[in-house]
Each structure stands twice: as C-alpha cells, then as structure tokens.
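Please open the model in a viewer and display the chain as a cartoon. The tour below names what to select at each stop and describes what is found there.

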Amino acid sequence: MNISQLETLITISKTMSFRKAGELLNLTQPAVSAQIKSLEEEFKTVLVDRSQPVTLTDRGQVFVDHAEQILGIVDELKQRLSDLDQTPQGHIQLGTTTSIAIQILPRVLSYFQDQFPHIKTTIQSMASSQIYHSVENGLIDIGIGYLIERNPNLSTSILYYDTFELVVSPQHPLAKLSTASMDVLGGIPLILLTRDTVGRRFADDVMKKHGIEPQVVMELSSSEEIKRMVEINLGAAIISKQSVTTELRNGTLQIVPLSELEVSHPVGVIYKSGRYVSSAMRQFLSDLKGMPETQFISSE
C-alpha cells in the first residue's frame, strides 16, 4: 500500500468515476484500475462496486474513512518537518465575512505578507455562523468574524468591537434628523442582510422587542451590495458601522442615530482548540492578537 493508492481511492469516492479520477490525478484509467485492484488484493476485499455509477462498497467506505485520516497525518508530518526551518512558511486557509475581508484584511495582510512572503493565504467569504462550522470541521484554519457563541472545541480572541447602525442616503427623509426613535423603522422600506448573518439577527431581535413590523424590500448577503442600494436611495439599512466608514467619509451614506442599536459586538479570531498549529498559523495568530484595536477600526 502507498499514499498514491489511498489518494486514488479517495478521488474515486468523490468523482464516482475511474475516468474522472484519472483526469484529476493525471493518471490513465488503466493505472487507476491497477491501483485499486492492488489495494483489493492486498486487503483481500472488494472496495469498489464497478457498476455505473461507480460507488464504494461498505468495506470501501470504511477504508476511505481511514485513508483520509492517514493522509491527514502525512500532511501534518510534512508541515511539522517544514516548520523545522526557521522561516515561517506554509498555507493558511482563512474564512471571514465579506465586509471584514474588504475593510479589515487588506491592512492586516499587506503588513503580514511583506514580513513573511513565504506564507500563502487563501481567503473564503462566509457568514459568521458558517465560520464556526468551517473552523470546527477543519475546512479553514482560522476564522475572523463576530464572536457569537461559545464552543469548547474552539478558541477565540477579541480583536475589536463593532456596532450596527441605521444608514440612509443623504437624499432620504431621515437624513435630516439628528436623532430618531425605533418607530421610524416601521414606516420606511428596509434593505437588510440575509437571516444567516449576525447583523440581521440583531436587527430582527431589536425590532421584535419594540413591536416593529419591518417593511423589508430587499435581502442581500453582502454589506457591499446593500451599501450600493442605499446610496441610490432604494431604502434604509441596518449594517456594520465598520463597513460604511469610507461612505461616511465621502458623504454618500449617513447614519441616523438610534440609541436602541448602540450595542457593541465583539469581532475576533477563531481557531480550533488542541490542533497542531503550524509556524504560519502561529505567526499569523501572534500578529493578529498583537495588533492594537486602532489597526482594525477606521476613523470616519
């Protein structure tokens, strides 16, 4: 048995095809068949049902589960050996929300990559709730998002605090008000984040608490999309204050102060407890935690 055989079987389990597995692995179909046959002969069992579509047998599924664990151990071994080099290097899979990716990460990553050019960073945008799931299941190494829950399998560290604000176009009737009450939310079109986001759940909870029936005319998954809609006066929105700093400075959006929204929400880094932390991750986490809050918060 060798690593290549395990990779081939795992690829077959995902593609359900000897041909497609060969294409992904740059192997001929006969070579793929030979590797699987060799495995089956060594373990004296049938791992693959070759009828169409190709599927794993029950024993094949058990085999794949263990094969994935073995490959995980091999990957960790490679990373540990790489870490013997004094220069931090490696690959970090980072998950964060769209607004954080646009507003915060450029400042952080520009410094980090200048200092550590051998560390590669891949960024995936997702809701804060999905960040927790992705970190816990090993789909990403580090998450940066709203700290919305406690999970014994995860470690968190607060980076800064954010608030959610009611924002409108300067042409909106509410733009003339220096302050407002929650009642105004019941009489205006609202453009809100989708229900899987922290901002939307917070907005819904506050409005429900005050008996407000919102007139939601649009739901969008990204604060960037919402800002563009509000700028052309299609409605008002409740979104992250950090996400609108540029627009506030340029005068294309305006905050309507609502005291009921003045709640601080911690934003922080999320990573799995007890997992091996590579030199790349260790350096990235150290840099993040060592940065002052002013590094993350833009001035209006």
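Select α1 and α3 to begin: their axes come within 9 Å and cross at roughly 105°, and the two helices are therefore roughly perpendicular to each other. This class covers angles of 65 to 115 degrees, while under 35 counts as roughly parallel, over 145 as roughly antiparallel and the rest as oblique. Axes are lines fitted to C-alpha atoms, for helices over the stretch in contact, and angles run from 0 to 180 degrees between N-to-C directions. Helices (H or I, at least four residues) and strands (E, at least two) are DSSP runs, numbered from the N terminus.

The model is predicted, so local features need pLDDT of at least 70 and side-chain atom pairs count only at pLDDT 80 or more, whereas totals for chains, interfaces and linings use all residues. Residues are numbered from 1 along each chain as its sequence is written, and side-chain values use heavy atoms, with hydrogens and water left out.

Now show the side chains between α1 and α3. Ser4, Gln5, Thr8, Leu9 and Ile12 of α1 make the contact with Val32, Gln35, Ile36, Ser38 and Leu39 of α3; contact means heavy atoms within 4.5 Å. These residues divide into five nonpolar, five polar and no charged. Here Ala, Val, Leu, Ile, Met, Phe, Trp, Tyr, Cys and Pro count as nonpolar, Asp, Glu, Lys and Arg as charged, and the others, Gly among them, as polar.

Phe18, Arg19 and Gly22 of α2 meet Gln29, Val32, Ser33 and Ile36 of α3, a contact of three nonpolar, three polar and one charged residues.

Return to α1 (residues 3–15) and select α4 with it. The two helices pack at an angle of about 125°, with their axes 10 Å apart, which makes α1 oblique to α4.

Which residues does Gln79 contact, leaving aside its neighbours within four places in sequence? They are Gln89, Gly90, Tyr276 and Ser278. The C-alpha atoms of Gln79 and Tyr276 are separated by 9.6 Å, although the two residues are 197 residues apart along the chain.

Next, display the largest pocket, with a volume of about 640 Å³. Of its 18 lining residues, Gly72, Asp75, Gly138, Asp141 and Arg275 are the closest to its centre. On a 1 Å grid over the protein atoms alone, a pocket is an open set of points with protein on both sides within 12 Å along at least five of seven lines, a cavity is a set where a 1.4 Å probe fits but cannot get out, and lining residues have an atom within 4 Å of a point. Grid points are joined across faces, edges and corners, and a volume is the space filled by probe spheres set on the points. α4 gives the most to the lining of this pocket, with five residues.

Finally, select Ser99, Ile100, Gln103, Ile104, Tyr146, Tyr160, Asp162, Ser240, Gln242 and Ser243, which line the largest cavity. About 50 Å³ of space lies in this cavity.
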